[in-house]
Structure formats: structure tokens, C-alpha cells
Amino acid sequence: MTPARARTTVIFGLVLLVTAALQLGALLMRWSGERGDVFLLVLLIVQIVLAAAVAGTGLWARKRGGSKAIPPVDNSPEN
């Protein structure tokens, strides 16, 4: 994973995580205990776990230093 893609993955994961946290807060503010609320709670927990996994993958890739498979391009003229 290139450093730019790793950074984008981290940002995407964090946006998903913040969105899920806001939705969880809104759900808990109007909690009534109905079956629909429990279903939404389960979906939000799954979303939080997946968002944390996406962000963690991006952080892990950044920690590794990105992709080493692509060598740098040498544009110097041959003499």
C-alpha cells in the first residue's frame, strides 16, 4: 500500500468511526428499547468494529512504511 493510500485509508476509517459514534449517540438519546432500536444498536456496533479495522489497517500500512515494490524512477540522462 502506498503512503498516500494508507493515509486515505486512515482518514476514511476515522470518518466512518466518527459517523458511527454520532449515530450511536443519537440512538441512545432516543432509546425506547424496541426491537428496531436493538437492531440499530447491533448494526452500529458492527459498523464501529469495521471502521476501527479499516483505520487500523491504514495505520499498520503507514507504520510499515508503505509499498517497497516500486523502485524510484531515475530520470538522469545516460552519457
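The chain has two helices and zero strands; both kinds of element are DSSP runs numbered from the N terminus, a helix being H or I over at least four residues and a strand being E over at least two. This is a predicted model, in which local features need pLDDT of at least 70 and side-chain atom pairs count only at pLDDT 80 or more, while totals for chains, interfaces and linings use all residues. Residues are numbered from 1 along each chain as its sequence is written, and side-chain values use heavy atoms, with hydrogens and water left out.

**The chain as a whole**

Of the 79 residues in the chain, 16% are buried. Buried means under 20% relative accessible area, exposed means over 50%, and partly exposed lies in between, with a 1.4 Å probe and protein chains only. The accessible surface of the chain amounts to about 6,300 Å², and carbon and sulfur atoms account for 67% of that surface. Accessible areas come from the Shrake-Rupley method with a 1.4 Å probe, and for residues only the protein chains shown count as cover. Contact means heavy atoms within 4.5 Å. Among contacts between residues at least 6 apart in sequence, 72% join residues at least 24 apart.

Helix α1 covers residues 3-29, and its 27 residues should span 39 Å at 1.5 Å a residue; the end C-alpha atoms are 39 Å apart, which agrees. The expected span of a helix is 1.5 Å times one less than its number of residues.

The buried residues of α1 are A6, T9, V10, G13, A20 and L27, and they pack against α2, residues 35-64. In α2, the buried residues are D37, L44, A51, A55, G58 and A61. The cover over these α2 residues includes α1. An α-helix has 3.6 residues a turn, so residues three or four places apart point the same way.

**Residues between the helices**

T9 lies in helix α1 and counts as buried at 17% relative accessibility. Not counting residues up to four places away in sequence, T9 touches M1, V54, A55 and G58.

G13 is also placed in helix α1, and its relative accessibility of 0% makes it buried. Neighbours within four places in sequence aside, G13 is in contact with A51, V54 and A55. G13 and T57 are 44 residues apart along the chain, and their C-alpha atoms are separated by 8.9 Å.

A20 belongs to helix α1 and is buried, with a relative accessible area of 0%. Its contacts, leaving aside neighbours within four places in sequence, are L44, Q47 and I48. From A20 to V46 the separation is 26 residues in sequence and 9.5 Å in space, C-alpha to C-alpha.

The table gathers residues for which a relative accessible area is stated.

| Residue | Relative accessible area | Class |
|---|---|---|
| T9 | 17% | buried |
| G13 | 0% | buried |
| A20 | 0% | buried |
| R30 | 47% | partly exposed |
| D37 | 5% | buried |
| L50 | 52% | exposed |

**The salt bridge**

Side chains of opposite charge can pair when their charged atoms come close. The structure holds one salt bridge, a term that requires a side-chain nitrogen of Lys or Arg within 4 Å of a carboxyl oxygen of Asp or Glu. The partners are R30 and D37, whose closest N and O atoms are 3.1 Å apart. R30 is partly exposed, at 47% relative accessible area, whereas D37 is buried, at 5%. D37 lies in helix α2. Apart from neighbours within four places in sequence, D37 is in contact with L27, R30, W31 and S32.

**The nonpolar surface patch**

L28, W31, V38, V42, V46 and L50 form a nonpolar patch on the surface, and together they have about 540 Å² of accessible area. Patches are made of residues with over 30% relative accessible area and no salt bridge; like charges are joined within 9 Å, and nonpolar side chains (Val, Leu, Ile, Met, Phe, Trp, Tyr) within 5 Å. Helix α2 supplies the largest share of the nonpolar patch, with four residues. One of the patch residues is L50, which is located in helix α2 and is exposed, with a relative accessible area of 52%.
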